[in-house]
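This briefing sets out the computed features of the model shown below. Please read it alongside the sequence and the coordinates.

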Amino acid sequence: MSVAIRIRHAFAGFALDADFDVGPGVTALFGPSGAGKTTIANAVAGLFKPDEGRIAVNGRTVFDTRAGVFVPARARRTGYVFQDARLFPHMSVETNLRFGWRRHDPRASEAEIAHIVDLLGLGALMTRKPAKLSGGEKSRVALARALLSSPEILILDEPLAALDAARKREILPYLERLRDEARIPMLYVSHAAEEVARLADRLIVLKNGRVAAQGSVFDLMSAPEFSEITGAAPYGSVIGTIVAAHNDADGLTMLGFAGGALAVTRLPQAIGTNLRVRIHAEDVMLAREEPRAISANNVLPARIAAIRTDLESHADIQLDCGGARILARITQASLKRLAFAPGDGVFAIVKSVTVDSPGASKD
Amino acid sequence: MALLEPAETEALLLSLRVSSVAVGCALPVAVATAVAMSRRKFPGRSLLDGLIHLPLVLPPVVMGYLLLVVLGTREPVGGWLLHHLGIRFAFSWTGAALAAGIITFPFQVRAIRLALDSVDAGLSQAAETLGAGPLDRFFNLTLPLALPGVVAGAITAFAASLGEFGAIITFVSNIPGETRTLPLAIYSALQAPGGEAAAARLCTIAIVLALAGVMLAEQADKRLRAALGR
């Protein structure tokens, strides 16, 4: 299950030149607006014809300028979730859901339909018209409609961008569940670092129409260059963990990961559950020596992997913590005082850990 | 219909028949023309646009005269139609319908084209990714969503057809029971001595019909929009 994308297109004052693969799981196409993200998504779906290149879905060439192949959008089997949902206003939710389903062979069975309706919590909405749905409900219907067309790849173009913060919180768990259940590659277009940190397995960072960086979300988001490439504020680190133990006496849950264990407030998940956690760069302090008598629960031995110093008053330091990557942001003054250098052994004091949901981290 | 003289009833029913046939026959052509004009670029597009709108700006009498010149039974086209297909437009109610259909064609095309243009092209893209081909998208998406405009265009054209005078009297004359529609009957009543009462009755009918048409259009629009989830 993979999609190979290699396209070039010359716009007025802007050249798109992208070359990357989309594998199983969620691949985020990340970058500022105007970087060419939606154009690439449209090229994959067949809604846009680039000047030259080749796109293959599961080995089937759907676009190849040299061979003169252009499979029209209706035959590409792309499940496309648009930013503005694009539900058909004259049809009920159920008719919308079955629009793509009716036009594809082999179709999903009634049991599979029921499963997706259930997964996205649409049971009570089936007879409604789109005008009677909230923004979040529209997104969920659009998602289900795309899934029911038996796609070979699912494209989500900023599906949360039009929603307010509360609606985003409502949809994200559905997307996480989908990521963990769907077996098809998902291309997730976004300019929001938090969404990408929560959902993506792999990251394609796009800048001015070109792939500026690509890699696993765990490695790439914590790379000091990440904020340099994206121009966004540094995000922090994403770490795949597993629930190791519950300590009810202290009200804590221990999460095991490559670099040891993280203590977080007691979670409801069973032992053995995969959890993805996020650590903001500002929430990590560094010490030369192991601190004693400190209120923080999480002090992790680590090694400095890379330092980015070209910031005004801060320095971003990427730590290697038993293979896991953690990003710390300290002041230039501290950097000078403590004279950190790549390779140094340090202790990372983690003040705060964000736990998202029972999403299986496919690391 | 006791309020009306038989000849007046005849004029009313003839008007309704002429307008129904005019709008009904022109509608599919108007939809096709509007689709071509709204979606495609082709050579001669602006010429076609001009031709479609010609009846709006041309005096109806000129339109009627042109029809007579082309479709008169002694003219090549009209003669051919009569001898080979047995179709006669000149001095027949079908000719009145043809004239009314052509005169009101721009109303239909304009309304339908506006409605088609207002349908979000993004919806069509979404349907495409869900496996729908061009005809499928047109009949299941674009046309239903443009339906309020199509209906509004048809009702406007119907109302305008009821009032067509110049083109009809020029092309098919003023034959009682055949081509004497409501406006022609009013005109004839006013020409005859003592015809004022008949003219007044016919004018009242024309006003009622026009009003009913406008209200019907409003209602249809409201209901269709509700059905379309707007």
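Strand β13 (residues 252–257) of chain A is joined by six bridges to β14(A), and the two strands run antiparallel. Helices (H or I, at least four residues) and strands (E, at least two) are DSSP runs, numbered from the N terminus, and two strands count as paired if DSSP finds at least two bridges between them. The structure is a predicted model in which local features need pLDDT of at least 70 and side-chain atom pairs count only at pLDDT 80 or more, while totals for chains, interfaces and linings use all residues. Residues are numbered from 1 along each chain as its sequence is written, and chains are lettered from A and ligands numbered from 1 in the order in which they are written.

**Sheet containing β13 and β14 of chain A**

- The hairpin formed by β13(A) and β14(A) has two residues between the strands.
- A:Leu252 has A:Thr265 as its bridge partner in β14(A).
- β13 and β14 belong to an open sheet of five strands in chain A, with the order β14-β13-β12-β15-β21 and antiparallel pairing.
- At the edges of this sheet lie β14 (260–265) and β21 (354–355) of chain A, each of which pairs on one side only.
- Strand β12 (residues 236–247) of chain A runs antiparallel to strand β15 (residues 274–280) of chain A, and seven bridges join them.
- Opposite A:Gly240 stands A:Arg276 in β15(A).

- Eight bridges connect strand β18 (residues 314–321) of chain A with β19(A) in the antiparallel sense.
- A:Asp316 faces A:Arg329 in β19(A), the two standing opposite each other.

**Domains of chain A**

- Chain A is assigned domain 1 (3–220) and domain 2 (237–355), with bounds that come from an automatic or database domain assignment.
- The centres of domain 1 of chain A and domain 2 of chain A, taken over C-alpha atoms, are separated by 33 Å.
- Four residues of domain 1 of chain A are in contact with five residues of domain 2 of chain A, contact meaning that the C-beta atoms, placed from the backbone, lie within 7 Å.
- On the domain 1 side, helix α7 (residues 217–220) of chain A gives the most, with three residues.
- That side of domain 1 of chain A comprises three nonpolar residues, no polar residues and one charged residue; Ala, Val, Leu, Ile, Met, Phe, Trp, Tyr, Cys and Pro count as nonpolar, Asp, Glu, Lys and Arg as charged, and the others, Gly among them, as polar.

- Helix α2 (residues 93–102) of chain A has as its buried residues A:Val93, A:Asn96, A:Leu97, A:Phe99, A:Gly100 and A:Trp101; a residue is buried if 20 or more other C-beta atoms lie within 10 Å of its own, exposed if 12 or fewer, and partly exposed in between, with C-beta atoms placed from the backbone.
- These buried residues of α2(A) pack against α4 (135–147) of chain A.
- A:Arg183 is located in the loop between α5 (165–181) and β9 (186–190) of chain A.
- A:Arg183 counts as exposed because it has 7 C-beta neighbours inside 10 Å.
- Although A:Arg183 and A:Pro24 are 159 residues apart in sequence, they are 7.1 Å apart in space, C-alpha to C-alpha.

**Interface between chains A and B**

- Contacts link 20 residues of chain A to 17 residues of chain B.
- Both β7 (78–81) and α2 of chain A supply at least two residues each to the side of chain A that touches chain B.
- By class, this side of chain A has 10 nonpolar, five polar and five charged residues.

**Chain B and model confidence**

- Chain B contains 10 helices and zero strands.
- Along the principal axes, the C-alpha atoms of chain B fill a box of roughly 70 × 45 × 30 Å.
- Of the 230 residues of chain B, 40% count as buried.
- Among contacts in chain B with a separation of 6 or more, 75% are between residues 24 or more positions apart.
- The average pLDDT of chain B is 90, and 98% of the residues score at least 70; pLDDT is the predictor's confidence in each residue, from 0 to 100.
- The model scores are ipTM 0.82 and pTM 0.82.

Definitions and conventions:
Contact = placed C-beta atoms within 7 Å.
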